[in-house]
Amino acid sequence: MGPPPRSPRTDRATATVVLLAGVLAISWAAIFVRLAGEAPALTIAAVRVAVGAAVVVTAATWWGRRQGAAFSWRGSAGWYLAGGIVLTGHFWSWFASLERTSVGSSVMIIGLQPLLASAMAYLWLAERPTQWELIGMALAAVGLAIVGARDFEAGGEAFQGDALALLGAVLGAAYRTIGRAARPRMGALEYSAGVYTVGALLLWALVWASDVQVSGFSLATWGWLLALALVSQVVGHTAMNWALGTFRVATVSLVAQAEPVLATLLAVPVLGERIGGGVAVGGPFIVGGVLLALAKSSTDGAAERGARTAPPLR
């Protein structure tokens with residue numbers, strides 16, 4: 001269900017623009033979650049993914065008909081299930097972390113994903129990180145250590161929030177690695193539609209089992225939930241899934257490190273949060289790692305290699 005083939009230069013330029021647009025879109029997620037704080041974390045995640053699934057499944061069905069191919073679960077259910085399960089855990093743990101720690105600390109710790117995703121991609125897809133990617137990860141790790149130090153010292157609820165953010169990072173890394181392995185086999189819309197559908201079903205099952213509040217919210221809260229779904233899920237996550245068809249896992253994960261910096265900056269005027277000393281000092285290290293990764297990134301034929309080496313999920 002993919003678009004017609006393009007030249008490598010066009011593919012790279014397009015993928016770079018799409019990736020950056022996706023990072024900008026997901027950077028708003030922490031802001032929308034905090035503004036919709038009236039709703040429980042689990043409900044926020046369930047609404048986000050359900051609305052995203054409805055929109056993307058519709059788009060995938062339309063695109064499939066236009067291309068003469070129907071969206072189907074046949075032959076791809078394993079990928080959808082794997083991606084949907086880790087996506088569900090990622091959203092729950094990350095949203096829960098935002099209830100216990102600051103936006104800056106939560107998204108910075110979530111930013112450990114490049115290190116974890118690169119290790120997973122190396123073990124599963126044989127994608128060995130390049131020298132520049134390793135340098136970028138090192139810079140980002142220094143920044144993350146500086147940011148997280150204050151909350152680790154604080155202990156209590158802040159420490160619990162950081163622990164949940166770390167769990168979200170592990171699951172987010174697994175989600176991105178699965179997406180990288182699946183993308184050579186299917187288009188971004190098809191993959192996203194299947195994964196979001198599985199994620200929505202699982203999240204609403206958890207909502208039902210947990211008996212959390214799902215109604216009675218203000219109109220403003222519903223508006224922020226809709227914005228979260230359309231901007232951060234439909235645009236942000238789907239754009240990054242698309243970019244995984246061109247860029248390596250390490251590159252996509254490192255560029256996504258711009259999210260915490262952007263989210264922290266957005267939290268200042270929108271939420272009235274201050275930029276803490278840790279974020280102010282550690283942020284430039286993270287930005288440096290992102291810029292280095294984007295400038296020195298390489299597709300390196302990784303999509304084709306991933307198709308050959310990743311085991312099928314049947």
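Which residues of helix 6 (residues 113-125) are buried? In this predicted model, the buried residues of that helix are Gln-113, Pro-114, Ala-117, Ser-118, Ala-121 and Leu-125. They cover an arc of only 125 degrees around the axis, which puts them on the same side of helix 6. The protein chain that holds this helix has 14 helices and 0 strands, and buried residues make up 51% of its 314 residues.

**Helices and the residues that follow them**

- Helix 3 (residues 41-66) has 26 residues, which at 1.5 Å a residue should span 38 Å, and the 37 Å between its end C-alpha atoms agrees with that expectation.
- After helix 3 comes Gly-68, a residue with a positive phi, near 80 degrees.
- Helix 9, with 23 residues, reaches 32 Å from its first C-alpha to its last, which is close to the 33 Å expected at 1.5 Å a residue.

**The largest nonpolar core**

- The largest nonpolar core has 51 residues, and those with the most contacts inside it are Ile-44, Phe-95, Tyr-175, Tyr-191, Tyr-196 and Leu-228.
- At least two residues of this core are supplied by each of helix 2 (29-35), helix 3, helix 4, helix 5, helix 6, helix 8, helix 9 (188-210) and helix 10.
- Helix 3 provides the largest share of this core, 10 residues.
- As general background, nonpolar side chains in soluble globular proteins tend to be buried together.

**The largest cavity**

- The count comes to 2 cavities of 30 Å³ or more, and the largest cavity has a volume of about 190 Å³.
- The lining of the largest cavity consists of 20 residues, and of these Ile-26, His-90, Ile-110, Gln-113 and Glu-259 lie nearest its centre; Gln-113 is also one of the buried residues of helix 6.
- Helix 4 (77-98), helix 5 (103-110), helix 6, helix 8 (156-182) and helix 12 (258-271) each supply at least two residues of this lining.
- Sorted by class, the lining of the largest cavity has 10 nonpolar, 7 polar and 3 charged residues.

**The second largest cavity**

- The second largest cavity holds about 50 Å³ of space, and its lining is made up of Tyr-175, Arg-176, His-237, Met-240, Asn-241 and Leu-244.
- Helix 8 and helix 10 (219-243) each supply at least two residues of the lining of the second largest cavity, and helix 10 gives the most, with 3 residues.
- By class, this lining has 3 nonpolar, 2 polar and 1 charged residues.

**The loop between helix 2 and helix 3**

- Gly-37 lies in the loop between helix 2 and helix 3, and with a relative accessible area of 48% Gly-37 is partly exposed.
- Although Gly-37 and Leu-225 are 188 residues apart in sequence, their C-alpha atoms are 9.8 Å apart in space.

How values were computed
Residues numbered from 1 in each chain as written. Predicted model: local features only at pLDDT ≥ 70, side-chain atom pairs only at ≥ 80, totals over all residues. Heavy atoms only, no water. Helix = DSSP H or I, 4+ residues; strand = E, 2+ residues; numbered from the N terminus. Expected span 1.5 Å × (residues − 1). Buried < 20%, exposed > 50% of the residue type's maximum accessible area, 1.4 Å probe, protein only. Arc of directions from axis to C-beta. 1 Å grid on protein atoms, 1.4 Å probe; cavity = no way out; pocket = protein on both sides within 12 Å on 5 of 7 lines; lining within 4 Å. Points joined across faces, edges and corners; volume = space filled by probe spheres on them. Nonpolar A, V, L, I, M, F, W, Y, C, P; charged D, E, K, R; others polar. Core = buried A, V, L, I, M, F, W, Y, C linked by side-chain atoms within 4.5 Å.
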